[in-house]
Amino acid sequence: MAKTYYSTVFDTSADRVWSAIRAFDHYAWAGTGTDARMEDGRPGDAVGGVRRVETGNGTIRQRLLAHSDVERSYSYEFCPPIPYPVSHYRATIRVTPVIDGDRAFVEWWATFDCAEGERNHWVGHFAHEGFARWLGGLRRHLATG
């Protein structure tokens, strides 16, 4: 099983960062210009709910597996059809307070299976083309809001 990971520190409080990302159906913070909504009218923190993300390349569906305001985290998985040649994809994003300076430590990771020869590609892709890019969008979102 492969694991990809990315982390960063925000110069704003963990509560502020969490309030921007906590709703699974709110994705404007990522700066991707994609639309996201929960299927079946479920709220954005309903475990088991499915988020539908419309991209220029099609639709991605993700199921919320866990959501915790106490831990400031949520976990999710892809729903079929998975838009990448991976399986058993599970991801978690977590926001932890950095007491020194009232900042936030944000980490995002995923585990998944893929062809051995493509492992390095997908580990790098999810970390840099996904998590790092989306957290950059979050940084810009927080700076303007």
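**View 1. C79 is tucked away as a buried residue, at 1% relative accessible area.** Buried here stands for under 20% relative accessible area, exposed for over 50%, and partly exposed for whatever falls in between, with a 1.4 Å probe and protein chains only. Before going on: this is a predicted model, in which local features need pLDDT of at least 70 and side-chain atom pairs count only at pLDDT 80 or more, while totals for chains, interfaces and linings use all residues. Residues are numbered from 1 along each chain as its sequence is written, and side-chain values use heavy atoms, with hydrogens and water left out. Back to the cysteines: C114 is partly exposed, at 24% relative accessibility. How far is the sulfur of C79 from the closest cysteine sulfur? That closest sulfur belongs to C114 and sits 20 Å away, too far for a bond. The disulfide count (pairs of cysteine sulfur atoms within 2.5 Å) is accordingly given as zero.

**View 2. R72 and D15 make a salt bridge, with their closest N and O atoms 2.8 Å apart.** R72 comes from the loop between β4 (58–68) and β5 (73–78) and D15 from helix α1 (residues 14–21), so this pair ties together parts that lie 57 residues apart in sequence. Helices and strands are DSSP runs, numbered from the N terminus: H or I of at least four residues for helices, E of at least two for strands. R72 is buried, with a relative accessible area of 17%. To count as a salt bridge, a side-chain nitrogen of Lys or Arg has to be within 4 Å of a carboxyl oxygen of Asp or Glu. By that rule there are nine salt bridges.

**View 3. Here R63 pairs with E77 in a salt bridge, at 2.8 Å between the closest N and O atoms.** R63 sits in strand β4 and E77 in strand β5, so the bridge links parts 14 residues apart in sequence. Which side of the burial cut-off does each partner fall on, buried or partly exposed? R63 is partly exposed at 29% relative accessibility, whereas E77 is buried at 11%.

**View 4. D45 and R22 form another salt bridge, its closest N and O atoms 3.1 Å apart.** D45 is in the loop between β2 (35–38) and β3 (50–55) and R22 in the loop between α1 and β2, so parts 23 residues apart in sequence are tied together. Both ends are partly exposed: D45 has a relative accessible area of 34% and R22 one of 23%.

**View 5. Helix α1 has A14, V17, W18, A20 and I21 as its buried residues.** Looking down the axis of α1, these residues fall within an arc of 160°, so they line one face of the helix. (The arc is taken over the directions from the helix axis to the C-beta atoms.) The background is helix geometry: an α-helix has 3.6 residues a turn, so residues three or four places apart point the same way. What covers these buried residues? The cover includes β1 (2–10), β4, β5, β6, β7 (103–114) and α2 (119–144).

**View 6. Y89 belongs to strand β6 (residues 86–98).** Y89 is buried at 3% relative accessibility. Leaving out residues up to four places away in sequence, Y89 touches Y76, E77, F78, A110, T111, F112, F126 and F131, where a contact means heavy atoms within 4.5 Å. The C-alpha atoms of Y89 and A2 are 9.4 Å apart, although 87 residues separate the two along the chain.

**View 7. Aromatic pairs number 19 in this model.** Y76 and Y89 are one of them: their ring centres are 6.4 Å apart and their planes meet at 45°, so the pair is tilted. With Y76 in strand β5 and Y89 in strand β6, the pair ties together parts 13 residues apart in sequence. F78 and Y84 also form a tilted pair, at 5.7 Å centre to centre and 55° between the planes. The rule takes Phe, Tyr and Trp rings (the six-membered one for Trp) with centres within 6.5 Å, calling planes under 30 degrees apart stacked, over 60 edge-to-face and the rest tilted. Y76 is buried at 2% relative accessibility and F78 at 8%, while Y84 is partly exposed at 23%. One aromatic cluster takes in W18, F24, Y74, Y76, F78, Y84, Y89, F112, W122 and F126.

**View 8. R139 has its charged end over the ring of F10, 4.2 Å from the ring centre.** R51 does likewise over the face of Y76, at 5.5 Å from the centre. A charge sits over a ring when NZ of Lys or CZ of Arg is within 6 Å of the ring centre and within 35 degrees of the ring normal.
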